[in-house]
Amino acid sequence: MKRRVLTLRLRSVQTLSLLLVLLAACARVDLDPALPVYETGVDPSAWARVPAGPFYHGQEAELEEIPYDYEIMVTPVTVAQYVDFLNAALADGSVRIEGDYAVAFYPGDPFHGKKHELEIGPGNYLLVPLADPSSRFTFDGQTFAVKPGWENHPMTNVSWFGAWAYCGYYGWRLPTELEWEKAARGSEDARAYPWGDEITRQHANFYASRDPFEDMTSYGSLTTPVGFYNGKVYDGFQTVNAASPYGLYDMAGNVWQWVGDVHFQEGFSDRLMHGGSRNTYDMDLRVWVRNSAPPMYYGPAVGFRCAKIDR
Amino acid sequence: MPFLKSRFQYLFGTTKGLILVAIAMIALVTALFGMLSGPMAEMGVREIIVRALRMDLQPAEREGRIIILYHSIAMAVVAIEVYMITGLLGMREFYKKAVRVLITVGYLLAMIFGLLFAYWGHEWVFHGLYITGLALIFFAGVLLTIALWPWDKAYFQPDPVYARTKGGVDLERAAFFTTALTTVISSIFGAVPGSYFGNGFEVFLAENIIRLPEKTTMEYSVIGHLHIMLALIAIMITLIVGRWLNFRGRLHKIAMPLMILGCIVLNLGVWGVVTPLEPIAHMIIYVGATPSMLAALLLLIWSWGELIRTGTAHLTKPTFLQKLAALVRDPLKFGPTWQMLFMNFTTSGIGIFMAVRLDEIFRLWPAREERIELTGHWHALSAIIATIILMYYGDIIGLKGKIRQIYGWAIIFLSDLALGAVTVFEMKRLFIGEAEQQPLVNALMYMIDFGLGLLLVLLAIVMVWRLTDLFKPKGRWTEEATHELAEEVSK
């Protein structure tokens with residue numbers, strides 16, 4: 001009898017545990033939690049110059065040459081910067097509202113008719129969704145505004161078209177994959193991360209990196225303000241100065257970054273992303289790691305930065 | 001000295017001893033290297049292990065390390081299957097001994113020196129010994145194929161309840177032979193590009209990522225090699241389970257030709273990826289996979305029927321519940337085929353799902369999500385094969401009564417919980433967005449960690465028990481040394 005009671009209790013505990021786990025899985029996530037606001041001191045409107053010359057490319061560190069100087073943004077484009085663009089472009093008609101999306105014209109890609117190739121002809125394409133609760137901006141039908149506290153966080157939920165339109169609007173462009181990698185890695189060695197070959201939780205925002213913008217029991221890992229990992233201490237959280245050799249921040253972690261290459265393989269319709277994100281393990285933060293998605297894809301861990309060439 | 005000699009003779013001279021050593025090696029490697037990724041990395045255990053063991057982990061070499069780690073484990077699994085085959089099927093004593101010596105030395109060399117090379121700096125002598133180990137395993141495979149030659153009259157099948165040709169050729173042996181032969185050939189599809197890429201330390205994901213239209217012949221070869229080797233290990237374990245359970249009768253006669261046909265066509269399809277047949281290779285693979293999976297289904301139907309029949313033999317008119325109770329009364333006999341059925345949810349189901357929802361997946365999902373799904377499903381298949389091996393092992397070491405029930409059901413429950421959660425994790429993007437996923441991910445991770453963690457604890461308990469048993473003069477090991485697997489096949 002005693003044994004039976006014990007078995008029943010054990011079963012009840014097991015069932016209860018399973019139920020609790022399942023209930024926890026169904027918990028609603030606060031997509032806009034109250035978070036600390038930090039000024040990192042890094043200017044998101046700053047640019048870094050990358051000189052012409054060779055650098056080590058890819059995991060196998062093959063020597064590649066970029067025969068021109070170029071400039072690239074020191075940080076990813078912030079929510080505040082993107083909202084300014086949306087308001088300006090909406091006012092002058094470069095951006096339009098279609099249903100739940102802000103759209104803009106894209107002239108299309110060459111089409112090769114390869115199996116599974118996506119045909120992207122001239123037309124209006126999605127830049128950002130307007131009704132996604134995980135976006136860090138609002139739209140009241142007339143004006144875009146930043147949700148308070150997210151001004152200096154990287155712009156997310158932006159498609160490749162959205163990134164392309166932003167850079168193009170100001171006469172810039174998205175960096176190519178090679179430009180992005182050289183800016184992240186420098187030209188001296190074949191380091192895996194912008195700061196070297198070691199990674200700790202103080203270097204970058206990645207999955208379970210325990211920064212102040214992370215609560216793995218509810219909303220998970222969120223973005224950190226751009227330039228957050230600059231050696232400062234934020235409420236006791238010590239960071240390492242994780243700038244790249246050319247002084248760029250957030251080239252590893254925080255948000256995946258769209259790069260500009262179209263058809264890096266004939267018939268490949270995706271666009272490439274680099275840098276890993278707040279939601280991936282440290283292995284994805286290595287400078288050569290590629291991710292990709294169709295150009296209309298947007299996600300809460302995808303952003304971008306721009307480049308320009310002085311000719 | 002006699003103490004050591006008798007134990008050494010048991011561990012390296014008997015089928016059950018050899019299987020025990022290989023399982024222990026896999027358990028050690030899994031426990032140690034499992035601490036370098038996933039939740040252990042998140043908790044900071046990885047850093048402690050790396051420092052304590054003075055590992056040298058260069059970020060650029062991560063994929064290369066994992067390739068060697070997976071080969072180390074896979075070689076030990078292949079060795080276990082070879083021990084089982086040589087213990088279950090008749091063959092000349094010379095072949096049996098030679099195959100076992102070659103594969104044992106081979107997998108131990110590959111595992112020990114491969115891991116030393118990969119995780120503790122690059123001592124090229126170790127790399128050479130790793131390659132030597134792989135080469136010895138290849139030669140063991142060649143010898144095993146010769147030993148299994150089905151047209152040897154000494155091994156013709158005299159009993160009409162088993163699948164055989166009119167001339168008496170044992171079709172089950174022919175199926176083992178076909179699988180062994182195609183495994184040896186398919187290994188070349190990894191060896192050649194492995195040498196090509198390894199020479200320059202190049203790596204890439206061995207998955208046929210559809211959104212990447214251009215792949216070289218060498219890349220196709222590696223992709224094909226990974227998939228066919230795992231499929232062949234799965235086919236071989238299905239044949240081994242069939243022999244262990246003494247699969248026979250009408251369904252056996254249908255299943256064995258299907259298994260041979262499926263295996264050949266499947267291989268031709270995979271080998272075709274490096275030929276101009278590449279555009280239709282997938283179609284050939286589907287055509288080959290169908291009879292193989294049908295043969296496994298026939299084994300399942302037969303074995304479940306046998307379990308029900310023997311379990312209700314004392315009843316005149318058994319009810320449905322009585323039949324069900326008879327089916328599940330022995331988890332070690334029910335478990336292997338149940339796991340094969342469950343595999344359809346974690347692996348085949350995912351494959352079909354990927355094919356059906358192809359447009360949604362690669363038109364909308366980022367490549368990383370596709371990668372999680374692709375790599376996840378064959379990790380799940382590998383784990384399922386491991387659980388089937390553990391269930392057969394539980395039977396051959398003579399687990400009885402409550403211990404047998406606990407051991408068997410724990411393997412089934414824990415692995416299915418973990419692998420079911422892995423499968424949901426792979427497919428989560430279908431029903432939840434990235435921003436809202438964390439509670440679900442947490443719950444799934446708890447299930448995965450709980451299932452796999454306790455499974456490893458169970459395995460550790462068994463290993464400790466077996467270790468202590470070796471110190472007893474009349475331990476279980478003395479009894480195991482006297483029985484060959486073929487004598488213990490179900491009646």
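Hi everyone, thanks for coming. Please keep in mind throughout that we are looking at a prediction.

Let me start with chain A. Its secondary structure consists of four helices and 18 strands. The radius of gyration is 22 Å, close to the 19 Å that the globule rule gives for 311 residues, so chain A is as compact as a globular protein of that length. If you draw a box around its C-alpha atoms along the principal axes, you get roughly 85 × 50 × 45 Å. Of the 311 residues in chain A, 56% are buried. Looking at contacts in chain A with a separation of 6 or more, 69% join residues 24 or more positions apart. For the surface, chain A exposes about 13100 Å², with carbon and sulfur atoms supplying 54% of that area. On charge, chain A carries 26 positive and 38 negative side chains, and the centres of those two sets are 12 Å apart.

Now over to chain B. How many helices and strands does chain B have? The count is 18 helices and zero strands. Here the radius of gyration is 23 Å, close to the 23 Å from the globule rule for 491 residues, so chain B is as compact as a globular protein of that length. The C-alpha box for chain B is roughly 60 × 60 × 45 Å. In chain B, 54% of the 491 residues are buried. Chain B has 41 positive and 36 negative side chains, with 11 Å between the centres of the two sets.

Let's zoom in on helix H1 of chain B, residues 2–13. Which residues are buried there? They are B:Arg7, B:Tyr10 and B:Leu11. These three cover an arc of only 90° around the axis, which puts them on the same side of H1(B). Turn to the other side of H1(B) and you find B:Pro2, B:Lys5 and B:Phe8 exposed. The cover over the buried residues includes chain B helices H2 (15–33), H17 (438–470) and H18 (476–480).

One last stop: B:Thr275, in the loop between helices H10 (250–271) and H11 (278–311) of chain B. B:Thr275 is partly exposed, with a relative accessible area of 32%. From B:Thr275 to B:Pro150 it is 125 residues in sequence and 30 Å in space, C-alpha to C-alpha.

Definitions and conventions: Residues numbered from 1 in each chain as written. Chains lettered and ligands numbered in written order. Predicted model: local features only at pLDDT ≥ 70, side-chain atom pairs only at ≥ 80, totals over all residues. Heavy atoms only, no water. Buried < 20%, exposed > 50% of the residue type's maximum accessible area, 1.4 Å probe, protein only. Helix = DSSP H or I, 4+ residues; strand = E, 2+ residues; numbered from the N terminus. Arc of directions from axis to C-beta. Contact = heavy atoms within 4.5 Å. Rg over C-alpha atoms; globule rule 2.2 N^0.38 Å. Lys, Arg positive; Asp, Glu negative; His and termini not counted. Charge placed at Lys NZ, Arg CZ, Asp CG, Glu CD. Areas by Shrake-Rupley, 256 points an atom, 1.4 Å probe, with all protein chains shown as cover.
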